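Some notes on the model follow, point by point. Please read them with the structure open.

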Amino acid sequence: MSYLDLFAAVNPLVGERDPEDPVLTVFGVPYDGTTSFRPGTRFGPNAIREAFLNVEAYSKRLDVDVEKLRIRDVGNMAKVNDAEAMVEMVSKATRELFSSDQPFCMLGGEHSLTFGSYRNAPKGTALVVFDAHFDLRDVWEGSKSSHACYLRRVTEARDPSAVAHIGGRAATKEEWRLSEGLGYVAGPREAGTERSMEAFRRFVSGFKKVYVSIDIDGLDPAYAPGTGTPESGGISPLTLLDYVYALEGKEVAAFDIMEVSPGYDQGVTAAAAARFMNELVALVSKKRQATGASRRGP
Ligand SMILES: [Mn+2]
């Protein structure tokens, strides 16, 4: 190794390219081709990484020091213009990760990419979504692969009753109707209440694994102004964390953090995303330690 190798780094990766026995794999998808209102989520992955490197890594709640974990960061995927092709690229990459049982974190990019990712999750994997929108439209602006349609595609390819949706408040009449077929739905008023958390725990207990998908606009724009399609009246970061912590002991097969658009704020949205990323990495690590899936301790 030369001093150049030692002192120079491909910033802002949050881990090494090829560490031994990583706790999880991180990759970014800087794609915002179908974004319907304000573009810019292509800058999300690196903004979240930079924030992640600067938030406190020790999770008091989970007693895991994320700084001590081996994280594999393979960088960002190449961007193509065509939405179907982009979703297909994500699908090919995540199929490999799922089939070799490697947990991963995808940093978006727009929410349409989650269809490419979750559709390959093993059977019996619940999808836990935080989002202001249901994204259950059939077509939006001429595209079936729009970020406004991804959950509709998910419900066609997978069991709708395996989907939990938290924070939803902006949808068409048809989307509200379709949302009744989902396994668990909590709008911002119910989310986090004792009764609703109890129902969430019951929902989750029916599945072996979970895939967590955070569209950052599930938060109120006061907490997350840096996003493309903000909707007022959302949940708080602490409510979102309540749900994350409710997954303790569950196998989180993968998670994604989508729709962060850093050009619209001063880093507050990326900081929220980074906190969620840190706690989810801690959760993945804790479960792997408990089940002995990892060959070495942190
Ligand atoms: Mn959304």
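1. In this predicted model, the largest nonpolar core has 84 residues, and those touching the most other members are Ile 48, Ile 257, Ala 273, Met 277, Leu 280 and Val 281. Helix H9 (residues 268–291) gives the most to this core, with twelve residues.

2. Leu 280 deserves a look of its own. Not counting residues up to four places away in sequence, Leu 280 touches Val 212, Val 244, Val 252 and Phe 255.

3. Helix H7 (residues 194–205) has twelve residues, so at 1.5 Å a residue it should span 16 Å; the C-alpha atoms at its ends are 17 Å apart, which agrees.

4. Which residues of H7 are buried? They are Ser 196, Phe 200 and Phe 203. These cover an arc of only 60° around the axis and therefore sit on the same side of H7. In general, an α-helix has 3.6 residues a turn, so residues three or four places apart point the same way.

5. The buried residues of H7 pack against strand E7 (163–166), strand E8 (184–186) and helix H8 (237–246). On the face turned away from the buried side are the exposed residues Glu 194, Arg 195, Glu 198, Arg 202 and Ser 205.

6. Pro 22 is in the loop between helix H1 (3–7) and strand E1 (24–29). Pro 22 has 19 other C-beta atoms within 10 Å; burial requires 20 or more, so Pro 22 counts as partly exposed. Leaving aside neighbours within four places in sequence, its contacts are Gly 15, Arg 70, Ile 71 and Arg 72. From Pro 22 to Arg 70 the separation is 48 residues in sequence, but 4.9 Å in space, C-alpha to C-alpha.

Methods:
Residues numbered from 1 in each chain as written. Predicted model: local features only at pLDDT ≥ 70, side-chain atom pairs only at ≥ 80, totals over all residues. Helix = DSSP H or I, 4+ residues; strand = E, 2+ residues; numbered from the N terminus. Expected span 1.5 Å × (residues − 1). Buried ≥ 20, exposed ≤ 12 C-beta atoms within 10 Å, placed from the backbone. Arc of directions from axis to C-beta. Contact = placed C-beta atoms within 7 Å. Core = buried A, V, L, I, M, F, W, Y, C linked by C-beta atoms within 7 Å.
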